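Please open the structure in your viewer and keep the selection tool at hand. The tour below moves from one selection to the next and says what is to be found at each stop.

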Amino acid sequence: MQRRHPFIVVLNDAPIMQKEWGRAIAADDVCAVMLLPQGGGGSNPLQVVLQVALIAASIYAPYLAGLTTTLASGAVVASTAGALLSAGVMLAGGLLINALLPPPKAAVAQGREGASPTYTVGAQGNAARLLEAIPVLYGRFRLYPDFAAQPYVENIGNEQFLYQLFCLTQGEIDIDKIRIEDTDITSFGEVQYEVIKPGGAVTLFPDNVVTSDTVQNLELLAANEANAGDGWKGPYVANPANTEANWIAIDFSYQGLFYANDSGGLDALSMTFEVQAQRVDGAGAGAGDWLPIGGETLTMASDKAQVISRRYPVPAGRYQVRVRRVGDKALDSRASNTLYWAGMRAYLPSKSYYGDVTLLAMVIKATNNLNGNTARRVNVLGTRKLPVWDGATWSVPVATRNPAWAIADAFRNTTYGRGLTDKRINLDELLRLAGVWAARGDYCDGVFDTTSTLWDAVTQIARVGRAVPMYYAGVIDVVRTEPKVIREAVFTPHNMVARSFAIDYAFPDVDAADHVVVEYTDPRTWKPAQVPCILQGGTANKAANVQFWGITDRDQAWREGISMAAANRDQRRAVSFTTEMEGNIPRYGGLVAVSHDVPEWGLSGQVEHFDPASGLLRTSEPLQWFGDESHYLALRRRNGSADGPYGVVPGPDEFSCIVAASEDVRRAIYVSDGRRSEPTLYVFGPGERRGLDCVMLAAEPDEDGKVKLRLTNYAPSVHEAEEGGSAPPPAPASLLPGVTAAPVVASVSVVGGSVNGQQTVTATAARGAERYEFEASSDNLTWALLGSATTPSISTTLSVGTWHVRARAIGAMPGPWAYWTGVISEMTMPPPAPTLTLQEAWAGKAVRVNISNARGDFRTIRVWTGGVMRREFNTTNFVIEWTYDDAVASGAVSPEVTFTVLEVNVAGPSAEASITVTNSAPAAPGGTVVQAQSGLALRLVWSTASDAARHYITAPSVGDFPGFTWSGLPNGEPYVDVPLPLGTNGDVVFSIRCVDLWGNSSPTTTVQYQSPPDTGGGD
């Protein structure tokens, strides 16, 4: 292995020499590999302070550092700068949260490199991409291959042939179809082709031919023509420097060769040409004599245009060539005998080995079916052949689309990969993942046609299978995001560094992406296509657009997109804390149980004692029991993983519980005594709320032996969302009272609005709601957005018929939908308010109020006294009758009463109508002083009011009159005589009044009594 940075190896606190590095690390050994500080004058302080500790060979990096190869060019480069995956990834359309998996991205060419036309959206065709990447195909894909050599043309028997050599891919390919544009090659009888496997030679035609760009239709002048000179055209160099040609080909053309005779026929004419060649040096200067290599006399009586090619052998070398016409030209206007030097080619020795690539050699004859444009639309549909690992050996290359073997090839290939040995790759895990991906139908179908870092390329391959590559202490592993049940570690405040625990919540805002749109390659058109991925019950207001390299199956694209949408919705908690060396136990993507008292993620502490016989377990902290729920307790094993959970029931006190398991199971439980190993930790809670299940993202060791862990919350919905059913957000892990992250609308109703044909949709207010969304559907399948508002009500217009309406509240996240189903009629408005009038003045034991303009199906009556509603009832009557007995029964006896009325129909209640009525005062009673049998009396005449109740008589004291007070109720007689204790002196004034049933007092009647004068009465 090449050492890229100076470092030392420390074993059990003692540095060891390099010759000792081959020894095996024992179970109790502590091994650290430390980078030595470098620089000292540079601008990057990290070069001085960076130290990386490898504790027990368990540290990992989310991106591989130190692999420097460049994929696709025959070269393949992995960046030396590793970086942890960020929790937020900005994609087109919005912020998409995905803490565990890197976002898929399209291959980006390094520098000014041009991509092949394979992924071109516009017109595709074959091209020569000199000094650029040789494509690498994985899986099944349509290729527009690049030219492996310069195409050239030859003319045989006045027919033109195009010779093309294509490079399909590095490695071997299993070809399904060869086509020109969209037509299968078998439809063209004018085409011959040959597939050359890696290491094979081209046998269909000479494959190393150089065509001159200078020689193009040069007219050869005869000796009797003006400006002919010596007649030679050229010389022109035939082949580049540092090459040797062994054949030279010359093309001639002429527009017929004939003489038009007097009878209208054609007579034959002849033309003669001569070809010479001369060796040249690297600078193009002549080096030797001119050698005649060819010459010919052409004789013909034809008016058809002719193109002929002549190939001449030459000793191997670099040449310049000249051509001239020999003899005179017939200058008569009836003669056609102009000769052109149309082209020149040099044939170099065949390049018998092109490397580990698959070639396609093709000869195309120019016809009406094929021309220069269509001949450069050659494309191939094929599947890459790769070695497959069976657990013991590698197979011969076979056609495969499985991402596992593409990953293995990228790392193992010595031509364009890293060339790693098998022991540097976790082949057992790749074999397992190959089975998972095959069962799911997850394929890797794509082409790397630009240079990229090896790590980026492998990340793209793994991403189509929901996985990422990882680098663990010199071994490449692949970690797939999949359902987890085994917790690799347990962390509580007892094994966290004090004050290191932190939680960050990524709350979605109103502009956050609520669904994902995945772009993939359609296998029918081989053009980009899109599939929307919307969680059930979710909305599709703003998309996060994701472009996937390597996916050609719509179902696979949807599965990945819906998983990303669930992660975006449900994995929004970033947890971090610092621990000791046990932070090196969990691996990237591993499931970790975290319990902490701040967010009340379960209860935790240390096990003080455990008796396997009785099952009694004593804890360092009090246990809290929650009603009738089942409670469970899990323990931390010696290797840091979780043991359990075990069902438990309350013990004799709050610091104990009984493990409800068989004695055999209890005796298998390990609990440390705290002397030979750290005390056993526990997590406890009702059901699954023993703590928060988290997924490992990063482990960052420091020089003090501590490790900072970064995690995100585990969400089963990320894996369940693709199963077709609704994937609910994870249940809360905290024991705190419920926090309404998703506000709940209890119900929704639809009533007519103030305008005919308009309705008002109203939802019950939801705690924690920031806004409300309303949707409607006529078939309960396709839903249309009616609108959104910050208040729980909107106005809308729905046509007559049966409708389904739903509403939900949105707070920190969207809440569930509440539904209403009903019939919208032509008249959906509530009735108008009624008119209330007093039937007659209220002066007795009952009051009656008439209800007119009553348009409802029924009406709601409310009775108020003293500002308090005393009674509410529904009636279909049009008169309100309120009696004294009603008032007594309702506790509403009062001389002033308010009645309110609501008219109600199917659309809802009307506006409220109100009337307040007041009871009239009773008539005043009468009275006189009379002489009764028992003496003087006050004859009280009862009030005539029907609701008159108690009567009162009062008089103040005067002289020897002591005063007087009396009260009584009418007895059915017209009057009553009330005896008076009158004295003999002074005048007395009696006051008489009554109070009715409602509490009204009558006017006061006064009766004056004057005592008779004193006559002396003496003798």
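Which residue in E53 is the bridge partner of Gln759? Select Gln759 and look across to E53, where its bridge partner is Thr796; bear in mind throughout that this is a predicted model. Now widen the selection to strand E50 (residues 759–763), which is joined to E53 by four bridges, the two strands running antiparallel.

Next, select His804, which lies in strand E54 (residues 801–810). With a relative accessibility of 15%, His804 counts as buried, because the cut-off for that term is under 20%. If residues up to four places away in sequence are set aside, His804 touches Glu775, Ala776, Ser777, Ser778, Asp779, Asn780, Trp783, Trp820 and Thr821. With Thr821 there is also a polar contact, made between the two side chains at 3.0 Å.

Finally, select helix H2 (residues 403–412) together with helix H3 (residues 427–440), whose axes come within 8 Å and cross at roughly 145°. Here Pro403, Ala404, Trp405, Ile407 and Ala408 of H2 meet Leu430, Leu431, Ala434 and Trp437 of H3. The residues of this contact divide into nine nonpolar, no polar and no charged.

Key. Residues are numbered from 1 along each chain as its sequence is written. This is a predicted model: local features need pLDDT of at least 70, side-chain atom pairs count only at pLDDT 80 or more; totals for chains, interfaces and linings use all residues. Side-chain values use heavy atoms; hydrogens and water are left out. Buried means under 20% relative accessible area, exposed over 50%, partly exposed in between (1.4 Å probe, protein chains only). A polar contact is a pair of N or O atoms within 3.5 Å; within protein, one must be able to donate a hydrogen and the other to accept it, and residues adjacent in sequence count only if both atoms are side-chain atoms. Contact means heavy atoms within 4.5 Å. Axes are lines fitted to C-alpha atoms, for helices over the stretch in contact, and angles run from 0 to 180 degrees between N-to-C directions. Ala, Val, Leu, Ile, Met, Phe, Trp, Tyr, Cys and Pro count as nonpolar, Asp, Glu, Lys and Arg as charged, and the others, Gly among them, as polar. Two strands pair if DSSP finds at least two bridges between them.
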